[in-house]
Amino acid sequence: MIELLRATWLLFRMQLTMVMRSRRMLLAILLAAIPPVIALIVATFAPGDVKPGEILASISFWLNLQVIVPILALVAGSAVVTEEIENRTITYLFTRPIPRPALLFGRLLATLVLVWLLLGSSAIAIALAAAQRTGELPDGLALRVFAANIVGGTVYTILFATIGVFLRHPMIVGLGYTFAFEMAIANVPGGSQSLTIQYHLRSILVDATETCWQSAEILNIDSFSSPGEALGTLAVVAIVTLVVGALGIARRQYVLTA
Amino acid sequence: MTDPIITLRGLEKHFGDVRALDGVTADIPRGAVGLLGPNGSGKTTLIKLLLGLLKPTGGEALVAGFNPRKRADRLAVRRVVGYMPEGDCLMPGMTGVDLVATLGRITGMSKQDAMTRAHEALNYVELEEARYRGLDEYSTGMKQRLKLAQALVHDPDILLLDEPTNGLDPKGRRHMLELVHDLGHAQGKNILLCSHLLPDVEKTCDRIVVLNRGQVAAEGAIEEMTRSDGLLLSARVEGETERFTAALREAGYGCESGELGTLTIQLDGRAEDADPIFAIAARVGASVTALAPVRSTLEQVFLQAVNEHEQAGKTASA
Amino acid sequence: MSAIIVAKDVGRWYGEVVGLSDLSVSIEGGVTGLVGPNGAGKSTFMKLLVGEIRPSRGALTVLGETPFANLRLYRRIGFCPQQDALYDHMRGREFVAALVRLYGFSAKESNRLAIRALERVHLEDAMERKVGEYSKGMRQRTRLAQAIAHGPELLVVDEPLSGLDPVARHETLELFKELGEAGTHVLLSSHVLHEVQSLTQEIVLIHRGRLLAQGSVGDVRRLLSRHPRRVRLTVREPRRLAEAFLRFDHVGAIRFHDDDGLDVETRDVETFFKDLPALATELGVGIKSLESPDADLEAIFDYLVG
Amino acid sequence: MKATTHTEIYRPFEGTLSTRSFRFLTIAWSGIRLASKKKLPLLVMLGPPAMAAIIFSFIVYASYALQKGEVPGIDAGQAQMVLALAGKNTEVAEQIVSFLTFPLVRGFVLLTVAWFGAGMIAEDRRLGAHLLYFSRPITRLDYLLGKFLATAWFGCLALLVPAIAINTIAAFSSPDWSYVKDQWDVILKTVAFSAAWIAIITALVLAVSSLVERKTLALAAVFGLVFLTEAVSNVLFQLTHESRYRLLSLFRNTDRLADWAFARKTSYDWAPEASLCAVSMLFASTLFVLWWRLRRMEEVA
């Protein structure tokens with residue numbers, strides 16, 4: 001077990017600079033910067049009656065959770081294993097005395113650090129931008145926005161990284177999942193919603209009692225479960241996916257065609 | 001030799017602070033010419049400049065009288081030049097004949113001309129049985145020959161071949177060299193062959209231009225540059241080798257033993273054949289299994305040219 | 001010298017594409033050349049040796065152990081892959097040191113090993129520059145450095161010479177010679193045959209996924225008795241010498257080309273070479289050169305692979 | 001007859017190379033052939049729009065049949081169902097416009113153009129195949145036009161062909177060609193509108209394809225871009241209630257232009273010129289990106 005941790009730590013340090021400098025991270029930074037910019041525009045130009053709470057709620061719900069978090073996780077997460085295979089540098093790591101799951105965990109940790117950094121700062125920036133407006137923020141909302149972004153980024157990144165272990169084109173599968181499956185089912189009221197990560201993230205974010213959620217035009221606002229429960233399910237989903245990924249990468253023989 | 005097919009005058013090309021070409025001046029005559037140089041000496045950059053794919057930072061190049069820098073000339077150059085790129089640049093999914101015919105039509109051939117020429121070019125490179133198959137089923141050797149076929153489809157009289165034998169196994173390599181040799185000598189094409197496998201260049205070209213650090217390090221006909229002085233012999237002997245070398249030295253011939261059991265024998269001026277050597281071998285009872293005049297191979301010429309150019313470069317900058 | 005690599009009916013398929021069909025070979029220590037046409041299974045065999053993939057059938061042992069996912073064995077093997085793939089953003093020393101650390105060395109120790117390895121491949125001055133800016137030859141040598149840094153017993157190298165210019169190729173061969181003399185077993189694959197022959201006489205020839213020939217170049221050539229040996233001479237008076245050769249019963253055929261060329265095919269080349277000096281002095285026909293063009297690896301390759 | 005042998009294996013080419021160029025047609029046609037080699041994606045992409053077309057043409061046919069009073073082949077119950085389906089407006093032009101702006105159709109046209117267009121330039125650059133093109137006497141315009149037509153072809157299969165099909169059905173089923181006589185402008189407008197919509201999407205997809213190295217990345221980028229602009233414009237509009245932010249969304253703009261083109265009453269409260277300018281700005285910027293990338297591509301080919 002210690003061998004696994006040590007190898008993961010070494011690979012994490014080795015891959016951090018690589019992940020930091022890759023062109024995908026440039027795209028991720030751009031994506032994370034959009035919500036704060038929108039929040040700033042709204043905070044300055046919106047008519048008088050719009051309260052900061054509403055800005056934070058709408059932007060984090062419709063923009064961050066629905067589009068930015070999944071796409072950023074897709075861009076970062078799908079490269080965790082696939083980039084090593086496509087660059088064919090995986091040979092160096094597979095012929096070294098390290099347990100193979102360490103490769104997945106090492107790069108995943110490096111990618112997650114950046115995802116947290118970007119989404120965390122994006123969430124904070126939106127809250128700050130919203131706070132420019134007169135009127136105070138409902139307490140706990142900013143924290144829930146931050147939590148939803150971080151947890152969402154983590155679960156999605158792990159999911160897409162694991163897809164990358166098994167399939168050659170995780171990007172397409174991830175795209176299909178995000179835009180086709182999730183958008184379709186998460187927005188249609190009914191029991192099947194809880195199948196999507198989006199639903200649980202929204203349960204963390206939305207507190208129906210707060211007034212600021214009225215203007216966000218969210219359908220069936222009261223059908224969300226409690227944040228604690230949502231966090232529980234998401235944690236289970238993350239761990240199970242990680243284990244599946246680790247088992248997958250241990251057994252899989254990546255044949256690097258010339 | 002008639003006027004050169006390609007003239008280069010002080011050609012320069014800089015990518016940022018990397019000086020890929022640093023003042024190349026050379027006249028490349030008709031016939032097959034080898035373009036040699038260590039990795040990164042500017043060979044591929046030069047070829048792309050000739051095709052007008054890159055704009056030179058300085059100096060000028062003329063290909064068959066056209067200057068690729070000017071737009072109209074650039075299109076004219078590409079009509080008279082066939083280019084075989086280095087990398088694997090084929091579109092999987094297309095069939096062999098489809099690719100060659102399409103590229104033929106893009107060069108300006110009519111539909112019928114392109115189709116007939118495509119089949120002729122594929123027959124020439126002996127790809128008849130694979131012409132209707134998708135490119136992803138082609139082996140490396142077949143892909144290289146297909147790239148040669150697409151360069152030949154519009155029958156250009158200048159061929160720019162970039163590493164044609166790269167990655168080929170011996171059989172594929174010999175086949176490609178036969179084709180290039182035939183094109184250069186039998187079909188009278190002017191070939192600029194860029195390669196780092198010197199035996200291949202020796203088999204197919206008459207003259208070479210050696211590039212190093214973006215400049216011309218050496219230039220000339222292979223025959224002259226590898227001329228041997230006829231007095232130095234390299235021999236391989238089996239059985240009684242010590243007594244044989246001792247006997248040689250007694251008879252006044254200089255003799256040192258090289259690596260892997262070869263002997264280098266220094267003949268005196270007047271002998272014009274090696275019979276005396278055989279006489280000594282017979283007397284001593286050794287059997288000579290190989291004997292040849294020491295000719296500096298193209299590789300030695302190349303290494304020498306590059307080293308001299310490096311020294312000249314160092315002394316100039318020191 | 002006990003066998004370091006033993007393969008028994010090893011096969012490996014990728015779907016219906018055959019990598020290796022049925023390879024049985026046992027390779028001794030020292031420097032061995034693995035040759036064969038493209039697609040013969042060289043790369044597949046190497047990937048099996050270093051434990052990157054598992055054989056579909058048959059048994060394979062390297063240094064006495066089965067390689068796939070065998071972490072203990074990985075410490076004793078160094079692998080230099082064929083593809084030109086490196087972490088371009090890292091510096092040379094950083095790259096090698098990071099990979100050496102995975103063998104369990106401390107940071108300081110890994111750094112020292114990395115610097116020593118890079119010095120052996122003559123990359124001392126480029127160590128601190130980014131690998132992305134290296135030339136093709138330097139990238140090749142960096143890949144080699146990461147394979148020898150942890151001092152492996154067996155060094156497996158896939159096509160190290162392809163794409164290298166003569167200067168870099170010369171240095172790489174020198175390095176392999178040094179490693180061989182230092183006692184490291186080297187298995188290197190290549191299809192640039194005259195280079196392999198200048199490095200080692202021991203070859204393993206693979207074709208269509210099976211073993212075709214093994215041993216020193218000379219022995220293998222002698223085995224190919226059904227291909228008579230061709231000897232090419234340049235003589236001032238070829239006709240007179242040819243008449244004399246007719247007396248030898250082991251001479252199969254004689255052919256003249258241009259005015260002083262003479263090709264002789266003989267079934268017993270040793271006696272031919274033994275009798276030639278006496279014959280030459282007796283007739284005084286003026287032999288200028290003598291060579292046997294089909295003694296080299298390339299000719300053997302053609303005979304066997306066709 | 002004197003015997004002649006033609007054993008020379010290499011035959012020189014006597015023909016001439018024409019300088020007048022329709023090269024982009026060759027590039028386009030070879031691009032189309034190459035892309036439609038794989039039949040499954042073709043079926044998956046073009047299936048749904050075709051089905052939608054069938055449904056809409058049935059509605060058009062039924063509504064005409066009802067107008068004429070006689071109800072051939074379908075009984076009254078079915079007719080009622082069709083009318084319910086058609087909603088209140090049985091006006092045929094209405095049906096066609098609603099087909100053009102129907103979200104499912106629009107989504108699949110975008111998907112089709114993105115799927116076939118994403119690899120057009122990206123894969124050429126990744127494989128280095130652009131070297132083969134640009135070492136030939138073609139101009140950058142030839143290459144661009146060729147790739148543009150090849151991608152737009154699939155857009156037409158997904159949108160233009162179904163739209164024309166509905167129109168022809170309408171023409172035939174309309175009483176003694178009344179549809180053609182007094183509503184011919186609708187036919188022209190359909191063709192123009194579909195062509196414009198396909199052109200815009202093709203330019204967008206090709207621009208993205210020229211920026212990235214890999215087809216899957218280009219595909220993701222196209223969808224990412226479209227959904228991002230939609231989400232941003234929604235949020236901005238929701239909070240500021242100012243409709244000028246809705247100009248950001250490509251779909252809103254095309255709806256507004258469709259209402260203006262087909263003279264339908266519109267639920268949008270800004271002038272069509274604004275949408276027209278927004279869309280043309282998008283189109284101009286994508287063409288600029290394409291021109292800039294192709295210049296660099298030939299330059300450093």
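C:Asp268 caps the N-terminal end of helix H10 of chain C, with a side-chain oxygen 3.3 Å from the backbone nitrogen of C:Glu270. Such a pairing is a polar contact, that is, a pair of N or O atoms within 3.5 Å, where within protein one atom must be able to donate a hydrogen and the other to accept it, and residues adjacent in sequence count only if both atoms are side-chain atoms. The structure is a predicted model, in which local features need pLDDT of at least 70 and side-chain atom pairs count only at pLDDT 80 or more, while totals for chains, interfaces and linings use all residues. Residues are numbered from 1 along each chain as its sequence is written, chains are lettered from A and ligands numbered from 1 in the order in which they are written, and side-chain values use heavy atoms, with hydrogens and water left out.

The capped helix can now be followed along its length. Helices (H or I, at least four residues) and strands (E, at least two) are DSSP runs, numbered from the N terminus. H10 of chain C covers residues 269-283, which is 15 residues, and it reaches 20 Å from its first C-alpha to its last, close to the 21 Å expected at 1.5 Å a residue. The expected span is 1.5 Å times one less than the number of residues. At C:Leu276 the helix bends by about 35°, and a proline, C:Pro277, follows within four residues. The bend at a residue is the angle between axes fitted to the seven residues ending there and the seven starting there. After the helix comes C:Gly284, whose phi is positive, near 60°.

Which residues of H10(C) are buried? They are C:Val269, C:Phe272, C:Phe273, C:Leu276, C:Pro277, C:Leu279 and C:Ala280. Buried means under 20% relative accessible area, exposed means over 50%, and partly exposed lies in between (1.4 Å probe, protein chains only). An α-helix has 3.6 residues a turn, so residues three or four places apart point the same way.

Chain C as a whole has 11 helices and 13 strands. Its C-alpha atoms fill a box of roughly 75 × 45 × 35 Å, taken along the principal axes. Of its 306 residues, 57% are buried. Contact means heavy atoms within 4.5 Å; among contacts in chain C with a separation of 6 or more, 66% join residues 24 or more positions apart.

Side chains of opposite charge can pair when their charged atoms come close. A salt bridge is a side-chain nitrogen of Lys or Arg within 4 Å of a carboxyl oxygen of Asp or Glu, and the whole structure holds 39 of them over all chains. In one, A:Glu83 pairs with A:Arg107, the closest N and O atoms being 2.8 Å apart. A:Glu83 lies in helix H4 (residues 79-86) of chain A and A:Arg107 in helix H6 (residues 101-131) of chain A, so the pair ties together parts that are 24 residues apart in sequence. A:Glu83 is buried at 16% relative accessibility, and A:Arg107 is buried at 1%.

A further salt bridge links A:Glu86 to D:Arg214, with closest N and O atoms 3.6 Å apart. Because A:Glu86 lies in helix H4 of chain A and D:Arg214 in the loop between helix H9 (184-211) and helix H10 (215-240) of chain D, this pair joins two chains. A:Glu86 is partly exposed, at 27%.

How do the chains meet? Of the 4 pairs of chains in contact, chains B and D share the most contacts. No contact joins chain A and chain B, whose closest C-alpha atoms lie 11 Å apart. Chains B and D bury about 3600 Å² between them, 61% of it on carbon and sulfur atoms; buried area is the accessible area (1.4 Å probe) that two parts lose on being put together, summed over both. Between chain B and chain D there is 1 salt bridge, and D:Arg33 forms a salt bridge with B:Asp98, the closest N and O atoms being 2.4 Å apart. Across this interface, 8 residue pairs are in polar contact, with both residues at pLDDT 80 or more.
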